[in-house]
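Here is a structure to read through questions. Each answer sets a value against its definition.

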Amino acid sequence: VVLHLEGLNGDLRGGNKFRPGPRTVLVPYVVEPPDAVAEKIREHGGLEAGGAAGGRTRVFLRCSPKGSRARQRLIAAFDGFEGADVAMSKVRVDTTALPYPQVLGAFVETLAAMKRSDFCLVPAGLTASSRRLYESLSVGCVPVVVSDRLTLPFSAPADAAAAADAGGLGAGAVNWTGCILRHSEAELETLPGRLAAVTEGELEALRREGARAFRALDFVDGGAAELAWAAIQRLGDA
């Protein structure tokens, strides 16, 4: 088993790093446990309530300029959209140079904003996956994947056996079509209308399936470790 980890410049392997090969096991990001996030939000006071304005946000995104052309189009598409809170920083910030309390405060504020949002946009990043996807699921915000190259773990039919080994999580382990929305990068301008048309019933169904999916994707209290190891073992048997 050879681990490939992300660095400051993304996945440093050669070849097409956005399309994992047949003997690559893609695993989820490790994100903070929801209970710990909720506690930090309470400690920072007032963040979950939505500030002075209160209420919920329909669509949320905070991002850096990496892959900026597509991200600029995405943000422009939501200009004037009621309930949208989307923005991109002008420069990439080196968080290692900032005081820890400042970094923690900004991180908790972002998660609080995601938690009070219906949809969280997940644009393409530097690799085949995105931490933002798993953070969205962890706080109950429906991920809207607007990356044509983002790869989803534990979704192939071959993972059905691993799902059973991981405690009856169900065939395929993660019902991705039931918990996220995917939208083509070529049609970003139509995304606001699509999200506006989602009913409350459809939104709640997506959230419920998202909570179930996160249990399978969580390394701390869920089945992610068992699913990943079962996938590795199948490669060894092949």
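**Cores, rings and helices**

In this predicted model, the largest nonpolar core has 21 residues, and those touching the most other members are Leu133, Phe154, Val174, Trp176, Ile180 and Leu217. Local features need pLDDT of at least 70, side-chain atom pairs count only at pLDDT 80 or more, and totals for chains, interfaces and linings use all residues of this predicted model. Residues are numbered from 1 along each chain as its sequence is written, and side-chain values use heavy atoms, with hydrogens and water left out.

Q: What makes a set of residues a nonpolar core?
A: Its members are buried Ala, Val, Leu, Ile, Met, Phe, Trp, Tyr and Cys residues joined through side-chain atoms within 4.5 Å. Buried means under 20% relative accessible area; exposed means over 50%, and partly exposed lies in between (1.4 Å probe, protein chains only).

Q: What does Val174 touch, not counting residues up to four places away in sequence?
A: Val174 touches Phe154, Ala213, Ala216 and Leu217. Contact means heavy atoms within 4.5 Å.

Q: Why is the pair of Tyr29 and Tyr134 called tilted?
A: The centres are 6.1 Å apart and the planes are at 35°. Rings of Phe, Tyr and Trp (its six-membered ring) pair if their centres lie within 6.5 Å; planes under 30 degrees apart count as stacked, over 60 as edge-to-face and the rest as tilted. So this pair is tilted.

Q: Why does this pair tie together parts that are 105 residues apart in sequence?
A: Tyr29 lies in the loop between strand 2 (10–11) and helix 1, and Tyr134 lies in helix 4 (residues 131–139).

Q: Is Tyr134 buried or exposed?
A: Tyr134 has a relative accessible area of 1%, so it is buried. Tyr29, at 22%, is partly exposed.

Q: What makes the pair of Phe78 and Phe81 edge-to-face?
A: The ring planes are at 85°, with centres 5.4 Å apart, so the pair is edge-to-face.

Q: How do you know that helix 1 and helix 3 are roughly perpendicular?
A: Helix 1 (residues 34–44) and helix 3 (residues 100–115) pack at about 110°. Angles of 65 to 115 degrees count as roughly perpendicular, under 35 as roughly parallel, over 145 as roughly antiparallel and the rest as oblique. Therefore the two helices are roughly perpendicular.

Notes. Axes fitted to C-alpha atoms, helices over the stretch in contact; angles between N-to-C directions. Helix = DSSP H or I, 4+ residues; strand = E, 2+ residues; numbered from the N terminus.
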